[in-house]
Amino acid sequence: MKVISKKVKNRITYLTIAALALCLGCVFAACTKAQAESNTTPDVSATPLSIGAIGFEEDTLDAGGAEENYSRWLSDHYSAEVYTCAQWLTDLQGVLKLPVSGDTPHAVMSTALENGVIDDASADPYSPLTRRFVAQTLVKALGYEARTADNIADLNENDTALSTAVYYGYFLPDSNGCVSPDALITGEEYQALLAEAGRYERLHGKRALSFGDSIMFGMGNKERGISDMTAEKYGMTVLDFSVSGATFGVCSGHSHIPDQIKTAARINQSKPDIILLNGGTNDMVYAKHGEVVTGYDPKDVNERTFAGGFEYSAYLLQRYWPGVPVVYIRAHDMDVCDDIKEQQFGETELTVAQKWQMDIADIYNDTDFCTEQTAMREAYTAYRAKLGHCDGIHPTALGYAKFYLPLVAERVDMDLSR
């Protein structure tokens, strides 16, 4: 039998004590980490919330108690607000000036059903607010016809409401072509959605006239262009006289924009609230540039040129509809146009619009819509089989929704709110 020396015994004792201390330290660290994690804001998007998920027994609480406990739990656990279905319905109906009877979540659900905003009031009013629920309620509340947004990776044939919401730009696909239907609504999105609902309430029922070329006409979006989409989104009515291929200058075989205006004045007996105008793209190819004159006498302009035809159009708009605000929409940066000519004609558009006191939605300067970038062209303009790729000129619904509608709607809203 081996004899263990005192020195060895002491070493064993030391190692045993050290091991015990290390174990106790690990246990303490684990407890501290668990406590810290319990006080840390969790990933809201990763953990859907419901009454059952936050430690309450739903059937043991009345509506008031559940609401109080839910609110207290949110304030204790989240630094950012989590929006619920009932909260969204309360705010949405308030912005749209729909009657809401009662101040409890269940009463809000009931009145939303009565107002036609939802189909079924039995849903949990405390459920976290998702894009899918927002889309369903917006489409019903605003009475949209179903529209299809093409090339959205994670939408299926049952996502009619969400597809329609995407079509009008309430939600836009990410770089992977997805809109994440079940994502929770962020604070920024929530405020933007309420702002758009407020804009709908202000613009609803307003009348518009529109004139221009294929960008206004909607050649890349089944003949639904700028004015059509703006009017549909905000509940307006529009008479659109635009024609694909139109020019400001007189060009053989092309619709003349001043003639569009004369036709509208002849057949339209009611005064519009707003006028939308675009043009110039085809002039770069088919018309001479011309000069902007110093005065306002139509006899001084050369109507056959781009600049003269634009000035004559401005004169006609003021003659036929004095006092009606006009929004001029400058088209996006296109890969098919010579950059120097595009800038020259574009600067003249801005000069004439400012001279004749038009408001301006400058897509070229104030957005990133540039189809010289292949990815941008392919994502937001219409495909042409004879080219074998998207044309870089005519926006799709997503092109309008992402780049045109926000600026145009902002200018229209400001003009009609003055």
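Guide: Happy to! A crossing is called right-handed if the near helix is turned clockwise from the far one by less than a right angle, and left-handed if anticlockwise. Do keep in mind that this is a predicted model.

Visitor: Which hand is the crossing of helix 12 and helix 13?

Guide: Helix 12 passes helix 13 in a right-handed crossing. On the helix 12 side, Phe306, Ala307, Phe310 and Glu311 make the contact, and they meet Phe345, Thr348, Glu349, Val352 and Lys355 of helix 13. Those residues divide into five nonpolar, one polar and three charged.

Visitor: At what angle do helix 12 and helix 13 cross?

Guide: Roughly 25°, with the axes coming within 10 Å. Angles under 35 degrees count as roughly parallel, so helix 12 and helix 13 are roughly parallel to each other.

Visitor: And what about helix 10 and helix 12, which hand is that crossing?

Guide: That one is left-handed. Helix 10 (residues 257–267) packs against helix 12 (residues 306–320) at an angle of about 15°, and their axes are 9 Å apart.

Visitor: Which residues meet there, in helix 10 and helix 12?

Guide: Helix 10 brings Ile257, Pro258, Ile261, Lys262 and Ala265, while helix 12 brings Gly309, Tyr312, Ser313, Leu316, Leu317 and Tyr320. By type, this contact has eight nonpolar residues, two polar and one charged.

Visitor: Switching topic: where is Leu239 found?

Guide: Leu239 sits in strand 2 (residues 237–240). With 42% relative accessibility, Leu239 counts as partly exposed.

Visitor: What is Leu239 in contact with, leaving aside neighbours within four places in sequence?

Guide: Ala208, Leu209, Ser210 and Asn268.

Notes:
Residues are numbered from 1 along each chain as its sequence is written. This is a predicted model: local features need pLDDT of at least 70, side-chain atom pairs count only at pLDDT 80 or more; totals for chains, interfaces and linings use all residues. Side-chain values use heavy atoms; hydrogens and water are left out. Axes are lines fitted to C-alpha atoms, for helices over the stretch in contact, and angles run from 0 to 180 degrees between N-to-C directions. Helices (H or I, at least four residues) and strands (E, at least two) are DSSP runs, numbered from the N terminus. Contact means heavy atoms within 4.5 Å. Ala, Val, Leu, Ile, Met, Phe, Trp, Tyr, Cys and Pro count as nonpolar, Asp, Glu, Lys and Arg as charged, and the others, Gly among them, as polar. Buried means under 20% relative accessible area, exposed over 50%, partly exposed in between (1.4 Å probe, protein chains only). Angles under 35 degrees count as roughly parallel, over 145 as roughly antiparallel, 65 to 115 as roughly perpendicular and the rest as oblique.
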